Each structure stands twice: as structure tokens, then as C-alpha cells.
Amino acid sequence: MQIEEFHYRTQRPGQGSHPGFHRSPNTGVGMVFSSHTSLLNSPDPRRVDIRASLCSPFEEIMVRQYRQNITMPVCAIADLSASLGRGRGDKLNNNHNRRKLDLLADFSSSLAYSAYRTGDPFAFIGCDDAVRDELSQSLSNNKSTAHVVSKLIRSHQPAGSSSKGLLDAAERLPARQSLVFLISDFYFSIELLQTILDALTSHSVIPVILEDSREGMGFHALRAYGLTRVTDSETGITRTLFMRPALRQRIRDAYINHRDALISAFQSRGISPLFITDHFSADEISRYFLDSMPA
């Protein structure tokens, strides 16, 4: 299976010493001009700027300094709880057993491969009620990680009844600033989300919201009156409800309100969430970074 590559970038400069692709406040070997300084401060005669030296009020020999781009750890914290494993129809691909878990596998393997191509180390942390070590990959520059992650995710049978492990995953991240992709359908409380985001403040966070368009449209299929069986996609608990217009409206409003609160929680921290609905497209991911994080 061929894995697609997309291009990503960070919203804020990172810290590090290894030359790479991402912006940093460091000076060194690079192509982006930073400032002038005295030859005594930066003894590199190859970068002497004659014009700046002639204009120096202290008659110093001035040299050019450049920004040095760096590598940055790229980490995926993925929700592998039960709601990600529910079967959904995918009419676009005529695959009626496609799950959000498959969407997660497509994105995560592409992210791993893209990090390898960019020169960044990549780590994958799978979580449900807790961090799942057997479904995680430590930080590395290994090309095969993309295929390993895809296989781990697709073969997993989700059973976790919550996503609390996402909070524990913050302790597994590198100490230095990393680019963290928080991947989930985010069917958990806004309070838990706020706590997770608080734990990730030292990193650049990209929330990746996995969506099934049929969930948003499913309210129209609910009958106005009569007995209806509904199942909690996270816990698997099934209940029988006597459906009526007021209850149907309450269910619809709860879904919309949660989605709006989710977006507001990210936007209040200056974070633009990435939505992946029904299918994965590497070009659309690249476009997200181009539009939301211009160079």
C-alpha cells in the first residue's frame, strides 16, 4: 500500500540544535537573514558585509547572521477507544465496514512517513482508558514506522470505555518542544479536553477531529414518535427510548452544542482544529497548514 505524504509546519519557532526544516530563534547555518553583528562576536569572515561595515558608527567589521532551521519531534497522541471502532458506511469507497479507526490509520501512517521525509523523529502514542504501550512507537527516524503504525491501528479491536489515557500520554512526550497531533473524535467532556490541553502547553498542538458525516445527519433518521434503541458508541450500552419531537431536538442540540464548545475550546487557545471527514486526503492536510500557518 502506497502511503501519501503531506507537508506540515509549526505555528511558532522551535528549540533545538540539529539542522532541519522548522524555524527557530537560533543563528547558524541557514538561508534566512537575521541581523548584523561584529566580527568579534561571530568570527566568520565569509559573511563579512562591506556595506554594513562602512555604515558602522563604531567602525567595526560587520558580518551577516542567519536563522538556522532545526528538526522537531513529531508526536501523534491517538484516541483508540471504542467510539473509533464502530462500523460506518463509506459510500464513496463502497466500503460498508470502514471505521474512524481506518481514517486514523490513514492519517497516522501518512504523518509518520511525512515526518521521515522531512527529517523529523516521529512517535506514536495510542490511548484509551490508559496509554497502550503495545500500540505505541517510541521516537525514531525509521522509515518503516509508517507501515508499523498502520498495521497496529487497523488490527486493533477497540474496547476502552473512555479517552482518559490522552491525559497520561502528555507525560510520554519529549522534554523539548514538539509538534503534537492530538487525534480523536473528541466524544468526551470539554473539561477533560481542557485538562489535556493544559498538560500540552509547552508543545505546538494540532487537534485532528475525525468525523463521520452520517453522524451529523443521523438525527433526521430518528422517528418523531415511537420506541427507539440507541447505543453509546463509547461504552456500548444500549437503551430503549420513547422518541418524541422534543427529545429528538434535545439530542440534536446536544450534538451541535458539544461540537461548538469543542471548537471554542481550541480557538480560545489560538489553535485551529483540523477536521478529517469520511476520507483522508494528503492534499487537504497540506492545504490546512498552508492556510492556517502561512510561512
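Author: Let's begin with confidence: the chain averages a pLDDT of 84, and 85% of the residues score at least 70; pLDDT is the predictor's confidence in each residue, from 0 to 100. Over residues 89-96 the pLDDT falls below 50, and this stretch has ten contacts in the model beyond near neighbours in sequence (a contact means heavy atoms within 4.5 Å). Where pLDDT is low, the predicted coordinates should not be read in detail. This is a predicted model, in which local features need pLDDT of at least 70 and side-chain atom pairs count only at pLDDT 80 or more, while totals for chains, interfaces and linings use all residues. Residues are numbered from 1 along each chain as its sequence is written, and side-chain values use heavy atoms, with hydrogens and water left out.

Now the setting. The chain has eight helices and 13 strands; both are DSSP runs numbered from the N terminus, helices being H or I with at least four residues and strands E with at least two. Of the 295 residues, 46% are buried. Buried means under 20% relative accessible area, exposed means over 50%, and partly exposed lies in between (1.4 Å probe, protein chains only). Among contacts between residues at least 6 apart in sequence, 73% join residues at least 24 apart.

On to your topic. The structure holds 13 salt bridges, each a side-chain nitrogen of Lys or Arg within 4 Å of a carboxyl oxygen of Asp or Glu.

One of them pairs arginine 117 with glutamate 5, where the closest N and O atoms are 3.1 Å apart. These partners come from distant parts of the chain, 112 residues apart: arginine 117 sits in helix α2 (residues 100-118), and glutamate 5 in the segment before β1 (19-22). Arginine 117 counts as exposed because its relative accessibility is 52%, whereas glutamate 5, at 28%, is partly exposed.

Next, aspartate 49 and arginine 64 meet through their side chains in a salt bridge of 3.5 Å, N to O. This pair also links distant parts of the chain, 15 residues apart, with aspartate 49 in the loop between β2 (27-38) and α1 (50-55) and arginine 64 in strand β3 (residues 62-67).

With a relative accessibility of 47%, arginine 172 is partly exposed.

Salt bridges can also be joined up: Arg99, Asp102, Asp106 and Arg154 are linked in a network of them.

What about disulfides? A search of the whole structure finds zero, a disulfide being a pair of cysteine sulfur atoms within 2.5 Å. Cysteine 75 is buried, at 1% relative accessible area, and cysteine 127 is buried too, at 0%.
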